[in-house]
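Open the structure in your viewer and keep the selection tool at hand. The tour goes stop by stop.

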Amino acid sequence: MKIKKNRNKACPSSRHRPAGKQCDEYPFASTWQGASTGGGHFSWRMINATQNEEGGKALGRFYLYNRVLEKDRFLVWIKP
């Protein structure tokens with residue numbers, strides 16, 4: 001439910017999606033800092049659909065590998 005609410009707030013179906021693009025949000029929809037649960041501080045952008053899907057899979061593996069559970073804290077580092 002939280003993920004759906006976060007996605008709907010950041011990337012509602014009314015946003016135009018160019019061919020081959022998907023709406024991506026940050027913070028991740030799967031977190032308590034997401035668009036609807038994080039106090040309204042979020043960003044979104046249309047990105048390559050394949051890259052977005054691969055990023056989501058990588059995030060899922062991160063959660064699994066590191067045993068991240070509901071409301072666990074973790075940090076995100078972006079490498080250039």
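What follows is a walk through pockets, salt bridges and a surface patch in a predicted model.

**Stop 1: the largest pocket**

Start with Asp24, Phe28, Gly55, Gly56 and Leu59. Of the 26 residues that line the largest pocket, these lie nearest its centre. The space here comes to about 740 Å³. Now colour H1, strand E1 (21–26), strand E2 (43–48) and H2: these are the elements that give two or more residues to the lining of this pocket. Which element gives the largest share of the lining? Select H2, which supplies seven residues. Then colour the lining by class.

**Stop 2**

Select Thr31, Trp32, Gln33, Asp72 and Phe74, the closest to its centre among the 19 residues that line the second largest pocket. Its lining has 11 nonpolar residues, three polar and five charged.

**Stop 2: a salt bridge within a helix**

The structure holds two salt bridges. For one of them, show the side chains of Lys57 and Glu54, which meet at 3.4 Å, N to O. Both residues sit in helix H2. They are three residues apart, about one turn of the helix.

**Stop 4**

Next, show Glu70 and Lys2. Their side chains meet in a salt bridge, again listed at 3.4 Å, N to O. This pair links distant parts of the chain, 68 residues apart. Glu70 belongs to the segment after H2, while Lys2 belongs to helix H1 (residues 2–10). Which of them is buried, and which is exposed? Glu70 counts as exposed, because its relative accessibility is 53% and exposed means over 50%. Lys2 is buried, because its relative accessible area is 16% and buried means under 20%.

**Stop 3: a nonpolar patch**

Keep the surface on and select Tyr26, Val76 and Ile78. Together they form a nonpolar patch on the surface, with about 310 Å² of accessible area. Finish on Ile78, found in the segment after helix H2 (49–65). With a relative accessible area of 73%, Ile78 is exposed.

Technical notes: Residues are numbered from 1 along each chain as its sequence is written. This is a predicted model: local features need pLDDT of at least 70, side-chain atom pairs count only at pLDDT 80 or more; totals for chains, interfaces and linings use all residues. Side-chain values use heavy atoms; hydrogens and water are left out. Patches are made of residues with over 30% relative accessible area and no salt bridge: like charges are joined within 9 Å, nonpolar side chains (Val, Leu, Ile, Met, Phe, Trp, Tyr) within 5 Å. Accessible areas come from the Shrake-Rupley method with a 1.4 Å probe; for residues, only the protein chains shown count as cover. A salt bridge is a side-chain nitrogen of Lys or Arg within 4 Å of a carboxyl oxygen of Asp or Glu. Helices (H or I, at least four residues) and strands (E, at least two) are DSSP runs, numbered from the N terminus. Buried means under 20% relative accessible area, exposed over 50%, partly exposed in between (1.4 Å probe, protein chains only). On a 1 Å grid over the protein atoms alone, a cavity is a set of points where a 1.4 Å probe fits but cannot get out, and a pocket is an open set with protein on both sides within 12 Å along at least five of seven lines; lining residues have an atom within 4 Å of a point. Grid points are joined across faces, edges and corners, and a volume is the space filled by probe spheres set on the points. Ala, Val, Leu, Ile, Met, Phe, Trp, Tyr, Cys and Pro count as nonpolar, Asp, Glu, Lys and Arg as charged, and the others, Gly among them, as polar.
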